[in-house]
Structure formats: structure tokens, C-alpha cells
Amino acid sequence: LKAALTAAPLEVFAMPGDDPDGPGPAESRLTMPLELFRKHGAVAAVNANAFDGLPGDKAAPYEWFEGRAVDIHGSVVSGGAVVSPLEKGRASFWLDAVQKPHIGTPESLNSATEAVADWFSLLLTDGRILPDAADRAVHPRTALGFDDTRTWLLFVVVDGRQPGFSEGVSLFELARIFESQGCSQAINLDGGGSSVMLVREPGQDVRTMNSPSGKAHRPIPVMLGVRSAP
């Protein structure tokens with residue numbers, strides 16, 4: 001999915017779920033992607049940050065159910081408000097006040113109007129592929145990137161863990177996809193069973209553009225989307 005940052009009617013924005021405890025340790029509730037999509041008025045969106053349960057949570061570590069309070073990994077900024085802070089070891093994707101995209105490790109989130117964070121992997125920096133070609137672990141993936149002009153974003157979701165349909169891609173292969181599409185900067189987001197891309201075309205219902213590995217949507221804490229600008 002390609003989104004033009006210079007198109008006046010469009011804006012790219014983070015779409016977090018509700019914070020269940022205000023200043024408490026939880027930063028979002030796991031929410032079904034379709035609910036996040038409709039709540040935030042998106043026309044297209046993909047899953048973004050990884051997440052984890054809270055200390056002392058009695059639920060099983062990987063029991064991801066709708067409404068579960070979670071800690072979001074890495075930065076999330078929505079409408080200039082910091083939902084989740086910077087986290088050591090994680091890079092961020094963020095937009096500044098003029099919708100210029102950035103990928104890297106900002107000193108602070110003060111200049112970010114929208115932001116999400118990676119799943120421990122930058123894919124491209126200044127056109128250079130970063131993942132090791134020898135790493136052949138394939139999984140479903142979600143990622144985004146942009147070109148040297150910084151006038152458009154490319155959102156990519158690759159299906160996986162479905163023998164006979166799609167095995168997935170390695171991080172090196174994912175970087176090659178962005179390279180082939182003219183991107184010079186790219187970042188890997190959360191993947192696996194969370195990978196999903198939703199699109200609502202004019203006059204149509206929301207469509208799931210990929211085939212989630214679990215055969216159904218997984219509740220998630222935040223998406224990155226595109227909507228009609230006010």
C-alpha cells in the first residue's frame with residue numbers, strides 16, 4: 001500500500017486502543033483491528049507495535065484476548081500526545097509537524113506528531129540493507145518505508161505460516177522488497193499473528209487485504225493508518 005504524504009486530503013496517524021488505567025502501567029487495551037479502524041476513521045491501516053502483558057497479570061503470557069491491558073513496546077505518539085515512551089534498543093518511525101517521515105532513534109518525542117516503533121529491526125538505512133542474508137527465519141511480517149524524497153510511504157504485509165499458500169519472508173527478503181520498490185529507509189514492525197492490512201475504498205466495506213496466519217484477526221494495541229485530513 002502506497003500513501004502520498006503530499007496529498008492534501010490524506011494524513012498518516014497512529015491509532016492506539018484506549019488506555020485502561022490512565023497514568024498506570026497499562027498503555028492500551030488489546031482491540032480488534034476492525035474496531036480500531038472504524039473508531040479512528042481510517043481508510044487504510046496496518047498493525048504496528050509489539051506488546052506484552054503487565055507484571056503480575058494472571059493471564060497466560062501469550063493469551064492475547066480482546067480487552068486485555070498491555071504494555072506497548074516502544075514509542076507511540078498519537079496527535080502529538082505520547083501514548084508509549086521511547087524504549088532502549090527499539091527504533092522509531094515518526095512524523096514531524098510538516099508530515100515529514102523519519103526512521104531511527106530520536107533523542108526525544110517532542111517533535112513527533114505521530115510515531116510507532118519497530119520489532120527490533122531496521123531494514124534499510126540510506127539504501128543499505130541491514131539484516132543478515134544468512135538469517136533464513138521466515139515469518140509473517142509487517143513493515144513500512146519511504147524513498148529519498150520523503151513524499152510517500154510504503155506499507156507492506158507479507159503472509160506466512162500457511163503451507164501451500166505463504167511461508168513468509170526473512171528480514172533480508174523483506175528489506176529486498178522495499179529496495180525493489182524504491183525505498184531508501186525501512187523499518188520492521190510487529191509481525192506473526194498480528195500482521196494485518198485493512199483498506200476501505202469509497203463506497204465499500206472494510207476489506208482485509210491479507211490472510212492472517214491465525215485465520216482470524218488478532219486483537220492488538222495500536223495500528224498505523226491513513227485517513228482523510230480534517
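Reader: With which residue does Glu 201 form a salt bridge, and how far apart are the closest N and O atoms?

Author: A salt bridge is counted when a side-chain nitrogen of Lys or Arg lies within 4 Å of a carboxyl oxygen of Asp or Glu. Here Glu 201 meets Arg 207, with the closest N and O atoms 2.5 Å apart. The model is predicted, with local features needing pLDDT of at least 70 and side-chain atom pairs counting only at pLDDT 80 or more, whereas totals for chains, interfaces and linings use all residues. Residues are numbered from 1 along each chain as its sequence is written, and side-chain values use heavy atoms, leaving out hydrogens and water.

Reader: How many salt bridges does this rule give, and which residue does Glu 87 join in one?

Author: The count comes to six salt bridges, including the one between Glu 87 and Arg 90, whose closest N and O atoms are 3.0 Å apart. Another of them joins the side chains of Glu 11 and Arg 227 at 2.6 Å, N to O; this pair links distant parts of the chain, with Glu 11 in strand β2 and Arg 227 in strand β19, 216 residues apart.

Reader: In what order do the strands of the open sheet run?

Author: Strands are DSSP runs of E, at least two residues long, numbered from the N terminus, and two of them pair if DSSP finds at least two bridges between them. The five strands of this sheet follow the order β2-β19-β4-β17-β18 with antiparallel pairing, and the edge strands, β2 (10-16) and β18 (207-208), each pair on one side only. Seven bridges join β2 to β19 (residues 222-228), and Glu 11 has Arg 227 as its bridge partner there.

Reader: Which way do the residues of β16 point?

Author: In a regular strand the side chains alternate between the two faces of the sheet. In β16 (residues 185-188), Gln 185 and Ile 187 point one way, Ala 186 and Asn 188 point the other way, and all are buried. Strand β14 (residues 141-146) pairs with β16 in the antiparallel sense over four bridges, where Gly 145 is the partner of Ala 186.

Conventions
Buried < 20%, exposed > 50% of the residue type's maximum accessible area, 1.4 Å probe, protein only.
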